[in-house]
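Look at the structure below, then read on.

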Amino acid sequence: MVHILVVEDDDGIRQIIVDVLEMASYTVAETTNGAEALAIVGSFKPDLIISDVNMPVMDGFELLLHLRTDSKTRSIPCIFLTAKVEKQDYRYGMSIGADDYLTKPFTAPELLSAVQARLQRFKNIRSEIDTQVANLQLLQQMDQELSERLEPEWLITMIFDWVLRQSDAAAAYLVLREHEHAIPKVRYLYGKTDDLPFQVGDMWQGDEALLDVLTQGEVALIEQSQNDNPDNAKSLLAVPIIFGEAPMGMIVLESERGNGIDEDLGTLLVQFANRASVALQHAQLFEQLRKQQEVEHNLRLLFRKFVSKDVATAIEQNTIVPGGTSAKVAILFCDIRDFTAYSENHDAQEVVDMLNTYIPIVVEAAHMHGGNVNKFGGDSVMIVFGVPNPVQNPAYQALLTALQIKRALPELNTRLFNERDFELVVGIGISTGNVIAGTIGSDDRQEYTVIGDAVNLAARIESLNKQYTEHTIFITDDTYQDLDRHKSEFTTVALGHVEIRGKAESVRIWAVDNHIHALM
């Protein structure tokens with residue numbers, strides 16, 4: 001029901017107005033002055049106010065001024081019905097917000113016509129506001145979703161669904177090109193698409209007139225008919241999708257009849273296209289980042305195959321000091337006995353296959369005890385304990401690694417050779433001492449390694465397996481002393497002072513045959 005408030009101090013005129021309005025099925029309330037009107041306007045909630053101007057206590061002008069300054073009442077339409085016919089009164093009433101100005105005497109048709117016109121205008125305004133609010137809410141929803149999602153498919157579907165419901169369009173589609181001069185392709189289709197000459201993924205073969213949208217970046221509304229036959233008419237509305245400054249695509253609505261698309265829809269569709277552009281660029285950027293991360297991940301995995309995990313981590317975290325750092329470490333050299341002879345008598349691929357089966361056992365043993373596999377040299381392996389990550393008692397961890405390798409060989413020999421022409425036996429040398437750990441090389445290629453007498457000594461005593469064939473693991477006296485309280489865990493044989501190639505003085509050497517605790 002439409003509520004109308006009548007403000008009139010003349011009882012007879014007020015009753016006539018009320019009767020006319022009630023006969024037209026309006027719900028009416030009546031007062032005699034502006035002050036009374038203000039007192040009931042909040043509870044009655046009128047859709048329209050009809051007011052006299054000259055009234056006691058508060059006149060119509062004062063009433064309207066109060067209504068227009070209150071946010072709750074400022075939008076209520078107001079018609080002045082008055083005997084004041086001077087131009088200055090009319091102009092003043094309209095200037096302070098009156099919607100119409102009727103003079104007394106009046107006729108019922110005049111009054112009802114003015115009332116209906118004001119109510120319809122107010123209804124139209126409210127409808128436009130509601131539409132704008134709904135559109136704003138939709139745009140806000142899109143903006144919120146854009147901040148939380150990287151799914152352009154969702155946004156395009158939402159746009160297409162909305163515009164098809166709000167218009168006479170039968171189909172909507174999105175055309176994109178990869179770069180400014182590329183041939184556009186159909187990316188999305190929605191609605192009645194069976195009659196279109198293309199499908200998703202096709203080169204766009206639509207109306208040539210729409211190419212201006214891609215070249216000029218302007219909205220286009222095209223009305224077409226064949227042979228001037230309205231039955232074959234159609235409407236096309238296209239808005240550009242801008243990436244940066246260049247139009248990279250367009251959203252197109254297609255109606256099956258002429259004048260089937262409201263031109264005003266283009267304004268809102270431009271807002272949709274802007275958001276679609278953001279979503280598509282976000283998705284494109286996300287895909288680039290995903291591919292970049294995938295490449296970096298694969299490179300990191302590949303990188304870790306060429307350097308040890310600990311070294312790779314130290315390089316990635318930039319914790320390796322330029323020029324190297326001094327550290328006390330244990331160095332383990334491991335070498336296959338009679339490997340040269342084996343290589344001469346076997347196919348190269350067979351040799352590589354054997355090494356690729358044997359070396360993982362060495363690497364696994366090193367990793368279990370905190371060792372850094374520093375380099376491979378054919379059949380030899382160099383392992384460092386103590387850098388780049390510190391370990392507790394490097395000498396002890398190195399010896400445990402050596403014995404684990406030794407214990408793994410019988411099963412490996414059975415699997416590889418099964419008592420045929422070769423038996424895998426390794427010689428292992430371990431020394432401890434201070435070294436410089438860091439990178440060496442050129443600007444083009446760097447290698448992380450350790451430099452010091454302990455490195456050379458470990459390589460030299462490893463070769464003692466040729467002289468002391470009954471033993472396979474040799475350690476320096478420094479290493480033996482560094483075992484500290486762990487010495488009793490091993491079966492050791494003192495070999496005395498041994499002449500080592502390259503050393504001016506002989507070096508006291510120990511052979512280690514087993515780990516007593518591991519045998520118990």
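## Salt bridges in the model

The model is predicted. The count of salt bridges in it comes to 11.

## Glu30 and Arg14

Glu30 and Arg14 form a salt bridge, and their closest N and O atoms are 2.8 Å apart. The pair links distant parts of the chain. Glu30 sits in strand β2 (residues 27-31), while Arg14 sits in helix α1 (residues 11-23). The two residues are 16 residues apart.

Their surroundings can be compared through accessibility. Glu30 is partly exposed, because its relative accessibility is 39%. Arg14 has a relative accessible area of 10%, so Arg14 is buried.

Asp52 pairs with Lys104 in a salt bridge, with the closest N and O atoms 3.5 Å apart. This pair also links distant parts of the chain, 52 residues apart. Asp52 lies in the loop between β3 (48-51) and α3 (60-69). Lys104 lies in the loop between β5 (100-103) and α5 (108-148).

Asp52 counts as buried, because its relative accessibility is 5%. Lys104 is at 19%, under the 20% cut-off, so Lys104 counts as buried. Glu8 joins Asp52 and Lys104 in a network of salt bridges.

## Arg118 and Asp100

Arg118 forms a salt bridge with Asp100. Here the closest N and O atoms are 4.0 Å apart. Arg118 is in helix α5 and Asp100 is in strand β5, so the pair ties together parts 18 residues apart in sequence. Arg118 counts as buried, because its relative accessibility is 17%.

Note on methods: Residues numbered from 1 in each chain as written. Predicted model: local features only at pLDDT ≥ 70, side-chain atom pairs only at ≥ 80, totals over all residues. Heavy atoms only, no water. Salt bridge = Lys/Arg side-chain N within 4 Å of Asp/Glu carboxyl O. Helix = DSSP H or I, 4+ residues; strand = E, 2+ residues; numbered from the N terminus. Buried < 20%, exposed > 50% of the residue type's maximum accessible area, 1.4 Å probe, protein only.
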